[in-house]
Structure formats: C-alpha cells, structure tokens
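Please look first at the overall outline of the model shown here, and then follow the text from the whole chain down to single pairs of side chains.

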Amino acid sequence: MSARKSAEPSPAGIARSNRQRLAAEEGARAMADAERQSAELRKNMARLRELREAKEAADADIRASLPVPVPKKRARKSPR
C-alpha cells in the first residue's frame, strides 16, 4: 500500500481549507475593528483629559480669587 496523496483534494480537505480561510478573514476584520476602537478610545481619553485639565485650571483661578477662610478656634469640651 502506498501512502501517496492523490492529486485532487478530498471534500473534507476543501471544507477545512475554506474554514481556515474564513477564520483568517474574520480574524483580520476583528483585529482591524479592535485597532479602530482603541484609536477612538485614545482620542476620546485625550479629549476628556484636556477638558478636565481646563476645568481644574479654571477652578484653581476661582479658588485663588476667593478670600482665604479664617480657621475657627476649637471649642473646649465642657468639664463634667
């Protein structure tokens, strides 16, 4: 008995190669989608960081313009 492969692929081999091709295409699409989502996420994080830093700067300006509160003296406990 010879263990030679035939010149024509078997139906199972064709189906397997089709599944592998489809999986590779789907994987490439999934990777492209993940990269696009991560780019959008980084862009949104940068936008939110700029907004937060601007708000913190505005709050610091407001706090600097307000008068400094005078600390209150602590009341002593009354003896029993």
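In what follows, a residue is called buried when its relative accessible area is under 20%, exposed when it is over 50%, and partly exposed in between, with a 1.4 Å probe and protein chains only. The model is a predicted one, in which local features need pLDDT of at least 70 and side-chain atom pairs count only at pLDDT 80 or more, while totals for chains, interfaces and linings use all residues. Residues are numbered from 1 along each chain as its sequence is written, and side-chain values use heavy atoms, with hydrogens and water left out.

The secondary structure comes to one helix and zero strands, where helices (H or I, at least four residues) and strands (E, at least two) are DSSP runs numbered from the N terminus. Taken along the principal axes, the C-alpha atoms fill a box of roughly 110 × 40 × 15 Å. The radius of gyration of the protein is 34 Å, whereas a compact globule of 80 residues would have one near 12 Å; this radius is taken over C-alpha atoms, and the globule rule is 2.2 Å times the number of residues to the power 0.38. Of the 80 residues, 1% count as buried.

Side chains of opposite charge can pair when their charged atoms come close. The structure holds five salt bridges, each being a side-chain nitrogen of Lys or Arg within 4 Å of a carboxyl oxygen of Asp or Glu.

One of them joins Arg21 to Glu25, with 3.3 Å from N to O. These two residues lie four apart in helix H1 (residues 11-65), so that about one helical turn separates them. Glu25 is partly exposed at 35% relative accessibility, and Arg21 is likewise partly exposed at 41%.

Further along the numbering, Arg52 pairs with Glu56, and their closest N and O atoms are 3.6 Å apart. Because Arg52 and Glu56 are four residues apart in helix H1, they too are separated by about one helical turn. Arg52 has a relative accessibility of 43% and counts as partly exposed, as does Glu56, with a relative accessible area of 43%.

Lys55 and Asp59 form a salt bridge of 3.0 Å, N to O, and four residues of helix H1, about one helical turn, lie between their positions. Here Lys55 is exposed, at 53%, while Asp59 is partly exposed, at 27%.
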